[in-house]
Amino acid sequence: MIDIVVVLRAEDAVLDFLSVLTGGEAAVVLADHGRTLTFPAGQSPAERLTRIGGEVRPADDRARASGPGSLAELVREAAGDREARVWTHSPADNRRSRGRVGRDTAIGCADREVRHAVGYSPYLQVVSDFDHSLDRELIAGKLDFVNRACEHLLTAPSPEYVVQTPRIPATERFFHAEAGERERLFALLASLDDEAASIPDPWEFGSSPYEKDRLDATAAWVLGHRAATGESLVEVGACEGALTHRLVAAGCAVHATEPNPLFRKRLVEAVGGTETVRVSSGDLAELAVAPDLTDPTADAHPRAGAHLLIEMLYYGQDLGLLDRLPTDHLFVALEPDAMDSRVRPWLAASATWEEVESVHLVPPRVETVCGGRAYLIKRGSDGLLLRRTAG
C-alpha cells in the first residue's frame, strides 16, 4: 500500500497531510507543475519535510492543475502496480484553486479510495470520517517547516496563499465523499459561474427548510404590495425559478432574467411554458441600459411595476445602475449585515429612491447541507422596499 497525496502546492502537503506522510511508503503529487516526490518506507519525517520544503515556491495566482485526466495519470505513475490510497484537498476548500484539485483528483481517481482533507473551513463545518491528532514532536516539525520554508507566505497578501494559524491544524481531519456529495460541496462554495451551476439546485432551494421559509416569506412580502406595484414584475437573477414559481402561482406576470446559461436552461425548462412568464438572459447592467431613442427597432425593456433584487447584490454590482431600471419600485433582500453595510449607505445618499418599508423576512438558522456532510449558519434575510422619488 502506498499513500499518495495530491496537492496544489508543496506546502499544502505538510499543512494538511503531515500525518499521512510520517509512516510507510508515500508520494506527493504537486499539481501546479506536475511533479511527484516519492518517499521510501522508513525515511524519517525530518528528511521528508526537508525535501518538501525545497519545493515551496513564491505565491503565484497562476498556479493551476491540469484536470482530472492528468492528475489521474500522475497518480497511476506514482502507484505503479501497488494498491494506492489517495489523499487530496476538499472540494469545498474556500480557496478555489485547491477545491478544483480536490474535485478533479476524485473524478480522475474514481476507481481508487480517495480521502479529502477538511482543512480550514471558515464557511462550513464539515463532518469528518478520519481524525489524526499530531503529537508534540510532529507539531514541532510542522511549525519548523512553516517558519523555514513558508516564511514568505506568513505575510502573503493573497488569501489563496497566506499561511495563518487556522491553516496549521494540530488535528488533521479527513472525509470520504461519494460523487454526488463531492459535486454538491464543490458547487456550494462556487460563485455565480458555471461551477456553481454544474449541478441542479446547488444552494438547495428545493430541499432546505430555511430556504423554503425564506422564499415563502419573500413571495408573501412582494405579493402584499400588489396594490401599489401592480402585477408586472422583473426578477433579476432568477436562478432556476424557485421564487418565480411562487409569484406566478399567485397570478403575477414575471420577466425572469438569468445571465448564467446553465441556470437559465433549467429556468426555461421549469417555467418556460407558462404564459405569464418571460425568460431572458439580461443581467442588472443590461436591464439598466436606456433605450436608443434614435433607433425605433431597439429592444427597450418595458416598464414594470417593480424590479426584484432578491439575494443577489453580493457581487460588487454598481448600485448606481438601480437608478436606471425602468420601474418606480425596488424590492431588495439581503443578509442583514450586507444590507446595513452595502445598501443602506447608498440609499442614504440617493436622491432617486426612498424607503417605503423595511422587514425582517427570516431569522438566522443553523442548517445541514450536502446530505448532512456539513453544516453552516444561514444568516437570515432582510427586505427593503424602495420607491422612486418624484424628483
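Reader: Does "left-handed" or "right-handed" describe how α7 passes α9?

Author: α7 passes α9 in a right-handed crossing, a term for a near helix turned clockwise from the far one by less than a right angle, with anticlockwise giving left-handed. Helices here are DSSP runs of H or I with at least four residues, and strands are runs of E with at least two, numbered from the N terminus. This is a predicted model, in which local features need pLDDT of at least 70 and side-chain atom pairs count only at pLDDT 80 or more, while totals for chains, interfaces and linings use all residues. Residues are numbered from 1 along each chain as its sequence is written, and side-chain values use heavy atoms, with hydrogens and water left out.

Reader: What makes α7 oblique to α9?

Author: The axes of α7 (residues 209-223) and α9 (residues 242-249) cross at roughly 40° and come within 10 Å. Axes are lines fitted to C-alpha atoms, for helices over the stretch in contact, and angles run from 0 to 180 degrees between N-to-C directions. Under 35 degrees counts as roughly parallel, over 145 as roughly antiparallel, 65 to 115 as roughly perpendicular, and the rest as oblique. α7 is therefore oblique to α9. On the α7 side, the contact (heavy atoms within 4.5 Å) includes Leu215, Ala219 and Val222; on the α9 side, Leu243 and Leu247 are among the residues. By class, this contact of α7 with α9 has 7 nonpolar, 1 polar and 3 charged residues. Nonpolar covers Ala, Val, Leu, Ile, Met, Phe, Trp, Tyr, Cys and Pro, charged covers Asp, Glu, Lys and Arg, and the others, Gly among them, are polar.

Reader: What makes β3 and β7 edge strands?

Author: The open sheet of 7 strands has the order β3-β2-β1-β4-β5-β8-β7, with mixed pairing. Two strands pair if DSSP finds at least two bridges between them. β3 (35-39) and β7 (130-133) each pair on one side only, as edge strands. Further along the order, 2 bridges join β5 (residues 113-117) to β8 (residues 171-175), and these run antiparallel. Ala117 has Phe174 in β8 as its bridge partner.

Reader: How do you know that β15 and β16 pair?

Author: β15 and β16 (residues 374-378) share 5 bridges in the antiparallel sense, against the required at least two. They belong to an open sheet of 3 strands in the order β6-β16-β15. α7 lies across β15 and β16, at about 125° to β15.

Reader: Why are Cys239 and Cys370 called buried?

Author: Buried means under 20% relative accessible area, exposed over 50%, and partly exposed in between (1.4 Å probe, protein chains only). Cys239 has 11%, so Cys239 is buried; Cys370 has 4%, so Cys370 is buried. Cys239 lies in the loop between β9 (232-236) and α9, and Cys370 in the loop between β15 and β16.

Reader: What is the phi of Cys239, and what is that of Cys370?

Author: Phi of Cys239 is near 55°, a positive value, and Cys370 has a positive phi of about 55°. Most residues other than glycine have a negative phi.
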